[in-house]
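Please consult the sequence and structure shown here while reading.

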Amino acid sequence: MDSVLSGADYADVMAADFDPLQYARRVASGDNDSTDANSSSNSNSNADASTDRLARAMDALAKRADALDDVLQQTVIASHADLLKQVVGVKALDASLAQVEDKVREIKAHMHSLRTRIRVPYQQSAVYGRQASNLHDAMRHVRATARFIQLVRRLQTQIPPDSGEDKEEAAVAPDFALGALTLLDIERAVGGGDLGGIRIVDQGMATVVRPRRERTIVRAEQMLDAGIRHRNQGDIAGGLQILFNLGTLAAAVAARVRRCVADWGAAVRGRLDPKSISAFVRDHNARAKSIDGSDMVGVTGVVLARIEALVDDLLSRGLELRVLERVLARKRDVLPRFDVSSFSSTLAADPASASSAAASGNGAAATPSFSDLVAQELGSSTNSSVGSTRTVAFWWREALTLLRAEIDSACAESSVIRQMLTNSYPRVVQLFVPKLEQLQPIDMPLLWDALLGSFEAEYVARAASRIEDAVARCYPPPPPPGLVDAQERRSRMGAAAESELFTAVSVVPNRKLVASVVRSMSTELEMAKSDARL
């Protein structure tokens, strides 16, 4: 087929720029046949010749069309088998595709059925799971509410209402220690059970729990105050146990110690103010003069009297805290019901070791004492050098710091007070040491390091200077070189009156001078007896 179309007969027709109209014009004009070129000039006179050329051209085109038709028929006949095979293959492919579509539809239907059989039970399971979860939460809230009601009834039994609420129940003595444990259980039940918004719980908390908690705290504070005031360790232990059962022992005792430090600071502030002391001396002496003038006072006496009063107050507060510290060191809960500190958290993390220690009788050693809990709350070291008096040590350090600040302020404002404290250092030591030794084993060196050290150094320097002056008066140093020569020259010049200014080099001390030296040394040694450090 391609060979026929590429022949000379079909070349002009198969050209890329073939135009049927132009081809027809050429044929009509005779340009297409070279044999008729010479007769073109006679076309107007010979119409028959033009008709013959068109007839010949039409015949030539007809022959070429017939030849092309023959070629097409032969080509179709030759390729008939291949065309039939292709048609059959297309039909088979169409049938296969139809089968595939049927299978796909079946698979889709099966997957839809399978999804339905899986999804519907899953949705039902999810619904049932949510219902079960809601039911579980409801049961948990019901159990927590029931436990809350039970604990409230127990609390009403342990801590009866006041006499104004119910006279019959008020006749029973309240057990605040057990009531504190119940209060702690109630707080944990309400906090962990998310019972907020439940009417009976809110009503019970408002009418029963909170008033009794306030009464319990007030009772514990009253027992602590009475025990500390009267040095009654039983009352102190009872109050501490109530606070421990409430879970507020460390915070409450630490707040009490800090409050004691604050009270001491308020008591010290302004006691040694020079203006206040001067005004007091002036007013007191004016009243004394108006009477008989026998009760006159000076600045030194007032300052020492106020320091003595501060030392007495310091001793009183220290003894109170020492009694509290002794009870704290002895008290401990061998089997704590709740975590009260990081120590009990450690025990809770290893219950096997805790139970074995309790079984072996070492439970008390493994459980922290109340003093450990308070020391941890105060920020004191558990390895303090003062042993079991860490609470007193904390107060002692803060109290001396406040007293030192007041004394430094007074000395900075008045040189008279500083000189008086330096000259009367042994007496000041007698005001502090004999009384404060009752607080042993406190850190007594801290008293000198934080308070008396600077006065001690100045007093020692002045005492040594006084002894050296007495010795120098008894045994004067030798005159400088040339002093004798100058005296002789003045004598020769007639300046006898001026020669008396120069003392003799070799002076033998008399008994009076030696006695003054001995008396000065005896006085300083006698004053130094008040302080072993001197």
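In this predicted model, Phe244 and Phe370 are both buried. The chain holds 2 aromatic pairs. Phe244 and Phe370 make up a stacked pair, with 4.7 Å from centre to centre and 25° between the ring planes. Phe244 belongs to helix H8 (residues 233–246) and Phe370 to helix H15 (residues 370–378), so this pair ties together parts that lie 126 residues apart in sequence.

A tilted aromatic pair is formed by Tyr425 and Tyr459, whose centres are 5.8 Å apart and whose planes are at 35°. Tyr425 is part of helix H18 (residues 425–436) and Tyr459 is part of helix H19, so the pair ties together parts 34 residues apart in sequence. Tyr425 has a relative accessibility of 0% and therefore counts as buried. Tyr459, at 5% relative accessibility, also counts as buried, because the cut-off for that class is under 20%.

| Aromatic pair | Centre to centre | Angle between planes | Class |
|---|---|---|---|
| Phe244 and Phe370 | 4.7 Å | 25° | stacked |
| Tyr425 and Tyr459 | 5.8 Å | 35° | tilted |

Another aromatic ring, that of Phe280, has a charge over it: the charged end of Arg306 sits 5.6 Å from the ring centre.

Attention now turns to the helix contact. Two packed helices are described by the angle between their axes and the distance between those axes. The axes of helix H17 (residues 415–423) and helix H19 (residues 445–474) come within 8 Å of each other and cross at roughly 70°. H17 is therefore roughly perpendicular to H19, because crossing angles of 65 to 115 degrees fall in that class. On the H17 side, the contact is made by Arg418, Gln419, Leu421, Thr422 and Asn423. On the H19 side, Phe455, Glu458, Tyr459 and Arg462 take part. These contact residues divide into 3 nonpolar, 3 polar and 3 charged.

For the chain as a whole, the model contains 21 helices and 0 strands. Of the 534 residues, 30% are buried. Among contacts in the chain with a separation of 6 or more, 74% involve residues 24 or more positions apart.

Terms used: Residues are numbered from 1 along each chain as its sequence is written. This is a predicted model: local features need pLDDT of at least 70, side-chain atom pairs count only at pLDDT 80 or more; totals for chains, interfaces and linings use all residues. Side-chain values use heavy atoms; hydrogens and water are left out. Axes are lines fitted to C-alpha atoms, for helices over the stretch in contact, and angles run from 0 to 180 degrees between N-to-C directions. Helices (H or I, at least four residues) and strands (E, at least two) are DSSP runs, numbered from the N terminus. Angles under 35 degrees count as roughly parallel, over 145 as roughly antiparallel, 65 to 115 as roughly perpendicular and the rest as oblique. Contact means heavy atoms within 4.5 Å. Ala, Val, Leu, Ile, Met, Phe, Trp, Tyr, Cys and Pro count as nonpolar, Asp, Glu, Lys and Arg as charged, and the others, Gly among them, as polar. Rings of Phe, Tyr and Trp (its six-membered ring) pair if their centres lie within 6.5 Å; planes under 30 degrees apart count as stacked, over 60 as edge-to-face and the rest as tilted. Buried means under 20% relative accessible area, exposed over 50%, partly exposed in between (1.4 Å probe, protein chains only). A charge sits over a ring if NZ of Lys or CZ of Arg is within 6 Å of the ring centre and within 35 degrees of the ring normal.
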